[in-house]
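Okay, thanks for making time, everyone.

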Amino acid sequence: MPESVLFVCRANLCRSAMAEAVLRACAPALGVARVGSAGDWAATRRPPMAPRARAALERRRYEVPAAWRSRRVSANDLAAWALILAADREVLAALPQLWPDAPPHRLRLMLDHLPACAGQEVPDPYFSTEAGFEAALTLIEQAVGGLARV
C-alpha cells in the first residue's frame with residue numbers, strides 16, 4: 001500500500017472528495033500516512049463539498065470535516081504523492097500535462113485496482129439523483145478495498 005494517495009476528479013466536489021473521506025476512515029489500518037483530494041478544474045474560490053456527496057457519506061457514517069474545501073491540483077501536488085488516482089479517463093489524461101515526467105504506475109484510474117473494473121470510470125454524480133451519488137460511493141468503497149490488496 002502506498003504511503004500517500006491523492007484522488008483527483010474534475011471539480012473536487014463529489015468523487016475525489018468522497019474517495020478522500022472513505023480512505024481517510026481506514027488509512028491508519030492500511031498504513032496510509034496521507035490522503036488528499038483535488039480537482040483539475042476546481043474553482044479557485046474553494047467551495048465546500050457538494051451537499052449530496054456529503055449526505056451520501058454521512059448516511060454511511062463517514063466523517064467529513066465542516067471546514068473541508070475543494071482545491072485545484074497543481075504540479076507540486078502531483079510530485080508529492082506516491083499514488084494519484086483519477087476518477088475518469090479525461091482527468092487521467094490531463095494529469096501528465098501538469099507533470100510531464102510522471103511514471104505511469106503513479107497515475108492510475110480509481111478503479112484500476114479492481115481486476116473486474118480496471119480501465120473503468122467512476123461516473124460523475126454531480127448532475128444525477130441521490131441514487132447516482134450512492135452508486136458512485138459504492139464504486140469508491142470498492143476501489144478503496146482494492147487498494148488495500150495492493
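Predicted model: local features only at pLDDT ≥ 70, side-chain atom pairs only at ≥ 80, totals over all residues.

**Loops first, then the core**

So, Asn12 sits in the loop that runs between strand 1 and helix 1. Asn12 isn't a glycine, yet its phi is positive, near 60 degrees. And is Asn12 buried or exposed? Its relative accessible area is 0%, and with the cut-off for buried at under 20%, Asn12 is therefore buried.

Now hop over to Arg61, in the loop between helix 2 and helix 3 (75-80). Here too we have a non-glycine residue with positive phi, about 70 degrees. Arg61 has a relative accessible area of 73%, so Arg61 is exposed.

Okay, on to the inside. The largest nonpolar core has 37 residues, and the ones touching the most other members are Phe7, Leu23, Leu57 and Met110. Which elements give two or more residues to this core? That would be strand 1 (4-9), helix 1 (15-30), helix 2 (51-59), strand 3 (83-86) and helix 5 (130-148). Take Leu23: skipping residues up to four places away in sequence, its partners include Val5, Phe7, Val35 and Val144. There's another core apart from that one, with 14 residues, including Val8 and Trp99.

Last stop, Leu137, over in helix 5. Leu137 has 0% relative accessibility, so Leu137 counts as buried. Leaving out neighbours within four places in sequence, Leu137 contacts Met18, Val22, Ala56, Leu57 and Arg60. Pick Leu57 from that list: 80 residues separate Leu137 and Leu57 in sequence, while their C-alpha atoms are 7.7 Å apart in space.

Definitions and conventions
Residues numbered from 1 in each chain as written. Heavy atoms only, no water. Core = buried A, V, L, I, M, F, W, Y, C linked by side-chain atoms within 4.5 Å. Buried < 20%, exposed > 50% of the residue type's maximum accessible area, 1.4 Å probe, protein only. Helix = DSSP H or I, 4+ residues; strand = E, 2+ residues; numbered from the N terminus. Contact = heavy atoms within 4.5 Å.
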